[in-house]
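I opened my notebook today to look up a few things in one protein model. Here is what I was looking at.

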Amino acid sequence: MKIYAVSDGPPSLAVRMALKALKIPHEHIPVDFGKGEHMTDEYAKMNPQKEIPVLDDNGFFISESNAILQYLCDKYAPESPLYPKDPTQRAIVNQRLCFNLAFLYPNISAYVMAPIFFDYDRTPIGLKKLNMALSAFETYMSRTGTKFVAGNALTIADFPLVTSVMCLEAINFDMSAYPLVSKWYAGFKQEFPELWAISAAGMAEIAEFEKNPPDLTGMEHPIHPIRKVQK
């Protein structure tokens, strides 16, 4: 098994956490985002979306981090509490995965990651959208009153949400308005240091890029504007 992943991208880090938690032997194939390795025709053979990560399970290619997380549990750990079989519990896990994919991470990415890597600014409307997403997250934690995002046991839903919130810590974002999210996040780091170490390494890179944005002038991105670097 091979996982094609970047070293600092939250979706990649979430999948790598799951692989470690499930103790699945695999080879990590680093993808150089700055060099645009994911934009090549060769990479598109694995994932026509040209996005990261991609899992290669003996010639079976699957992309989209949520789908990868679910596939790993279904195939290699069907009895694992990380992806509970009970329909109600599983529905909550799936909802939290979708919440992160469709609402939380897009707003974190737009506010934190896009201005680091591309020619975007952090704006008041971007901050407003981010706080709306965090408020929804706080409400979920308040309503359930559970230790983790989908119950009182760790599930695969925690991984992408941890790596999303990690981006905020990387830029020293003030989380004081979200005490329950902060408590969950701190608890994860304390209880699962080996899993957190995967995310922590990515956070260190993002924090460094926040101070010194990477030079991506060699990349031809079809959507995002490349920041012009004065030399």
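Predicted model: local features only at pLDDT ≥ 70, side-chain atom pairs only at ≥ 80, totals over all residues.

**Entry 1: the annotations**
I checked UniProt, where an unreviewed entry puts "domain: GST N-terminal" on residues 1-80. In the model, that span is 35% helix and 20% strand, and its end C-alpha atoms lie 20 Å apart. The unreviewed entry also has "domain: GST C-terminal", covering residues 86-215. I got 75% helix and 0% strand for residues 86-215, with 47 Å between the end C-alpha atoms.

**Entry 2: the nonpolar core**
I remembered that nonpolar side chains tend to be buried together in soluble globular proteins. Which members of the largest nonpolar core touch the most other members? I found Leu72, Val112, Phe137, Ile156, Phe159, Trp184 and Phe188, out of 67 residues in that core. At least two residues of this core come from each of β1 (2-5), α1, α3, α4, α5 (124-144), α6, α7 (179-191) and α8 (193-211). Helix α4 gives the most, with 11 residues. Where does this core lie relative to the two domains? It lies between them, because domain 1 (2-77) and domain 2 (87-211) both give residues to it.

I picked isoleucine 198, which sits in helix α8. Is isoleucine 198 buried or exposed? Its relative accessible area is 11%, and the cut-off for buried is under 20%, so isoleucine 198 counts as buried. I also looked at threonine 163: it is 35 residues away from isoleucine 198 in sequence, and the C-alpha to C-alpha distance is 9.4 Å.

**Entry 3: the largest pocket**
Rolling a water-sized probe over the atoms shows where empty space is left. The largest pocket came out at about 970 Å³. I read off 36 lining residues, and Pro11, Glu51, Ile52, Tyr105 and Ser109 are the ones nearest the centre of the pocket.

Which helix gives the largest share of the lining? That is α4, with eight residues. Helices α1 (10-21), α3 (65-76), α4 (87-117) and α6 (158-170) each supply at least two lining residues. Sorting the lining by class, I got 18 nonpolar, 14 polar and four charged residues. Domain 1 (2-77) and domain 2 (87-211) each put at least three residues into the lining.

**Last jotting**

Definitions and conventions: Residues numbered from 1 in each chain as written. Heavy atoms only, no water. 1 Å grid on protein atoms, 1.4 Å probe; cavity = no way out; pocket = protein on both sides within 12 Å on 5 of 7 lines; lining within 4 Å. Points joined across faces, edges and corners; volume = space filled by probe spheres on them. Helix = DSSP H or I, 4+ residues; strand = E, 2+ residues; numbered from the N terminus. Nonpolar A, V, L, I, M, F, W, Y, C, P; charged D, E, K, R; others polar. Domains from an automatic or database assignment. UniProt positions renumbered as here; feature names shortened; annotations may be inferred. Core = buried A, V, L, I, M, F, W, Y, C linked by side-chain atoms within 4.5 Å. Buried < 20%, exposed > 50% of the residue type's maximum accessible area, 1.4 Å probe, protein only.
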